[in-house]
Amino acid sequence: MKKKMNIIERTFLFSWPYTILFSLVLYLITTNFDWVVSFLLGVFSVLLMQSLNYRVMKNAFKNDPSKIKSRSIILYLVKYVFYCIILYVALTEPDWNEYLTFAGLFTFRIVSFPVTLIYANKGEDDDA
């Protein structure tokens with residue numbers, strides 16, 4: 001039996017091809033591998049934190065719904081403190097491009113919009 005993936009899992013799945021394609025095009029245009037590394041720093045950071053957020057919140061909804069609000073607030077703060085640290089690292093490294101790191105931090109959001117639009121219109125039944 002095939003397990004149906006939710007929108008967040010599909011976004012993770014489609015983030016990889018987007019990242020590979022964007023990195024390849026970026027390298028072919030600029031031929032600067034340090035800029036590709038700065039973009040990948042942002043991408044891997046956002047995927048790491050979104051994965052942590054997904055696992056913790058999924059576990060909270062399943063096992064302890066009374067702590068959803070507090071865990072959500074704590075994860076939100078931890079996530080953005082981590083993003084600030086990543087941007088600081090990109091700013092202090094002279095060879096990296098902080099704008100590409102910032103763009104990498106938006107990868108999950110950029111991919112989530114088309115994935116949500118595509119799969120929300122399919123009308124898939126979650127009960128099956």
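A: In this predicted model, the largest nonpolar core consists of 12 residues: Phe-12, Leu-26, Val-36, Phe-39, Val-43, Val-46, Leu-47, Met-49, Tyr-83, Leu-100, Leu-105 and Phe-108. Such a core is a set of buried Ala, Val, Leu, Ile, Met, Phe, Trp, Tyr and Cys residues joined through side-chain atoms within 4.5 Å, where buried means under 20% relative accessible area with a 1.4 Å probe, protein chains only. Two or more core residues come from each of α1 (7–30), α2 (33–63) and α4 (98–105); α2 gives the most, with 6 residues. Helices are DSSP runs of H or I, at least four residues, numbered from the N terminus.

Phe-39, one of the core residues, is in contact (heavy atoms within 4.5 Å) with Thr-19, Phe-22, Ser-23, Leu-26, Leu-100, Thr-101, Ala-103, Gly-104 and Thr-107, leaving aside neighbours within four places in sequence.

α2 also packs on α3 (residues 68–92), at an angle of about 170° and with the axes 10 Å apart. Axes are lines fitted to C-alpha atoms over the stretch in contact, and angles run from 0 to 180 degrees between N-to-C directions. The two helices are therefore roughly antiparallel, a label for angles over 145 degrees. Among the residues that meet are Val-46 and Met-49 in α2 and Tyr-83 in α3.

Residues are numbered from 1 along each chain as its sequence is written. Local features need pLDDT of at least 70, side-chain atom pairs count only at pLDDT 80 or more, totals for chains, interfaces and linings use all residues, and side-chain values use heavy atoms, without hydrogens and water.

How values were computed. Buried < 20%, exposed > 50% of the residue type's maximum accessible area, 1.4 Å probe, protein only. Parallel < 35°, antiparallel > 145°, perpendicular 65-115°, else oblique.
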